Each structure stands twice: as structure tokens, then as C-alpha cells.
Amino acid sequence: MIVLKVDPLNPEIDLIRKAAEVIKSGGLVAFPTETVYGLGGNAFDPKAAEKVFKAKRRPMDNPLIVHIADLNQLEEVSVEVPPEVLDFAQRVWPGPLTFILKRNPKVPLETTGGLDTVAVRMPAHPIALQLIRESGVPIAAPSANLATKPSPTLAEHVIQDLDGSVDVVIDGGETFFGVESTIINLTVAPPVLLRPGPFTVEELNSLLGEIVVPREVTEGGQFSVALAPGMKYKHYAPSKPLYLVEKKSIFKEVVKTLRQRKRVAALCSQETCEDVEEPKIILGTSENLYTVAKNLFKSFRELDSMDVEMGVMEPFPEKGIGLAIMNRAKKASAHMIIHSVEEARQIAGN
């Protein structure tokens, strides 16, 4: 495995071309986007797609997101794109928003998880865009982590999970948003939100009008069919048990109760953590939940490195980016939610 240190704002073209040659030859390259690091291969190469699934130990029916660098490539990966969708794409791309569209047969079923739809987006990161351009093909890229593990926001996370399974890692520093892109199904009317992310429901409503937000999104549940990543399987989870507290008002008391018998790390906002003893992990500030989103997966990995038995996480309002934070937290905790101090007392006694 080769690690290339690349300037995230002004990518060195010679280094990007080295990575692009790997994509052209059917190899795998991990690279930063504005959301998380992706594990990329040629989207038109079924063998490259299979390599991605194998490296991640990912179920083959869990589709890959196809990344493009300009709107001309949209016609290469999808068909029957309505004019209003093209207009929408021009307004929101590059950015952390993935569309579900009808698949162009040029994109193999191996890339789409056997579906006749394709997940596609244009990332807002200079390295990602330059890599796609220099490769000359769209790049199919899920997050560059082992399946079920927290998504990587640093190159070190990629190396921890995939050392020996990827040809090149482009180290472009920490990603900006820290959670994966928003995914919306545009093959139906009204559009359906499949995964919340940095592009919020409120922003989508302002641009598209009505959109459907299924219960599986708000409750962090699993869909029966995965039209896009993050819909069907366990995701984002640390190795150690993670509990999510239902109400912020009882969080500190729940932590104290659990600590009577358990070694517990508290995952909380800067404001809440001020009154919580160590061990604790500061997620960010409640005054700007984008800071919490940016640190979320990194915090899950930090939890695994601590000498504790479990983590307990503070809840956040499920609006704006908070919906994405709580969606990931519910999945990462396997829906182990503490509803009361009495319930915490029972868990501590086990």
C-alpha cells in the first residue's frame, strides 16, 4: 500500500495522476471527500467493484455510490434524467448530496448491488474531483472502512481498517463534514429521503417542496431493500457497547448511575461535558451541531481505544444536521437506548 500526502486545497497533479493510473488499471484508491474518506474503483469495471466489496467485507447487495466530476458524466451513469433533476443538480453539486436515478446499462450490476438504479453524486473536494478527472471514469466509492465500523474521517482510520487491501491511500487531512452524504431517491414522486446527511431535510424542502422522510430514517432502522448505502445493514458501530440516552435532561444522572458499577466513557457536547468527570469524549459544541457531526465517527474510534467497558452518548435535537447525527448514533448503538435512570440502574447491575 502506498500513502500519498496531498494538499487538500491545491492537489499536486503528479501525485493525483499516480493514483489515477491505479484506478485505470482496475486497482483501488482511498481518497478524501468533503464527507468521509471513500474507497474507489472504476465504476464501469465489475472486477473493480468486486474488489471494493471484498476489501470492505461488504454485502454484495449494498450498492456503491458513483462519483462524477462534471454533469456530462451524469449521462454516462444514468438514463432518462428529467430536466428538473438536471436543474437541481446544477444548484446543489458539487456537494454532499447523492441522487438515486435510473441506471445506465454501462454501469455494471456489480456496482449497483444488482439494482436498476444508481446512486450518484459530485463531491465537493478538490482531491476527489481531480482524481475523477485524471482517471477519466466515474469512481464507485463507499466509505473506506471495514463494513459495520465507523466511517473514516482521517487517512489513519483507512490504514487501520484496510491496510493490505487497498493499493493507494491519498492522505488529504481530516474531512470537513464527518458524516456521509445525504441520499434522496429521485425516481419517485415525491422524492424520498433514504439517508440523512449534511444536506438537511429543511434545505431539501426549500428546493424540492415536499419530500418523504420514512420512519426507518428517523428511527435509524433498516430498510428491507438497500437502494443506497446505510439502509439495510449494521453501520458505524464501535466495537465496545454504545448506549444512547433518550433525554438530555437525564444524561448526567444516567452516567453517574452506570459508573457505580461500570467503567463508562461519556460522549457529550462541550457544554454538557463541563460537569461530567473523566473518562469523557467531547463531541463538539451544541451551539453548532456540525462540529458534533464532524467528530462523531472519530469519537466512536476513540471509544474503542479507551480502557472502559462501554460508552454512553448524549442525544441531540433531530433537526438540521442533528437528524443525521442521531440516525448514525441509533445505528451505532444497535438501538440500545436508555429511557430512564431506573433502566440505567438495571444495566449497571448486570
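The following dialogue takes up several features in turn.

Q: What kind of model is this, and how are residues numbered?
A: This is a predicted model, in which local features need pLDDT of at least 70 and side-chain atom pairs count only at pLDDT 80 or more, while totals for chains, interfaces and linings use all residues. Residues are numbered from 1 along each chain as its sequence is written, and side-chain values use heavy atoms, with hydrogens and water left out.

Q: How many disulfides does a search of the whole structure find?
A: A disulfide is a covalent bond between the sulfur atoms of two cysteines; the criterion here is a pair of cysteine sulfur atoms within 2.5 Å. The search finds one. It joins C268 and C273, whose sulfur atoms lie 2.0 Å apart. The link of C268 and C273 is right-handed, with 95 degrees about the S-S bond.

Q: Are C268 and C273 buried or exposed?
A: Buried means under 20% relative accessible area, exposed over 50%, and partly exposed in between, with a 1.4 Å probe and protein chains only. Both C268 and C273 are buried.

Q: In what order do the strands of the open sheet of five strands stand?
A: Strands of a sheet pair through backbone hydrogen bonds, either parallel or antiparallel. Helices (H or I, at least four residues) and strands (E, at least two) are DSSP runs numbered from the N terminus, and two strands pair if DSSP finds at least two bridges between them. The order in this open sheet is β14-β13-β15-β12-β16, with parallel pairing. Its edge strands, β14 (280–282) and β16 (337–338), each pair on one side only. Within the sheet, β12 (residues 242–245) and β15 (residues 310–313) run parallel and are joined by three bridges; L242 has G311 in β15 as its bridge partner.

Q: Which helix packs on the sheet, touching β12 and β15?
A: Contact means heavy atoms within 4.5 Å. For angles, axes are lines fitted to C-alpha atoms, for helices over the stretch in contact, and the values run from 0 to 180 degrees between N-to-C directions. The helix is α13 (residues 322–332), whose direction makes about 135 degrees with that of β12.

Q: Why is α13 largely enclosed by the rest of the structure?
A: Helix α13 is largely enclosed because eleven of its eleven residues are buried. Its cover includes β11 (192–195), α8 (201–208), α9 (215–218), β12, α12 (289–305) and β15. Just after α13, A334 takes a positive phi of about 55 degrees.

Q: Which strands pair with β3 in the antiparallel sense?
A: Strand β2 (residues 29–32) pairs with β3 over four bridges, and a hairpin joins β2 to β3 through four residues. Here P32 stands opposite Y37. Strand β8 (residues 139–140) pairs with β3 over two bridges, with G41 opposite A140. Strand β3 (residues 37–42) is mostly covered, since six of its six residues are buried.

Q: How many residues has the largest nonpolar core?
A: A nonpolar core is a set of buried Ala, Val, Leu, Ile, Met, Phe, Trp, Tyr and Cys residues joined through side-chain atoms within 4.5 Å. The largest has 65 residues, and L39, W93, L97, F99, L131 and I170 have the most contacts inside it. Helix α1 (residues 13–24) gives the most to this core, with six residues. Apart from it lies another core, of 26 residues, among them A293, F297, M313 and M326.
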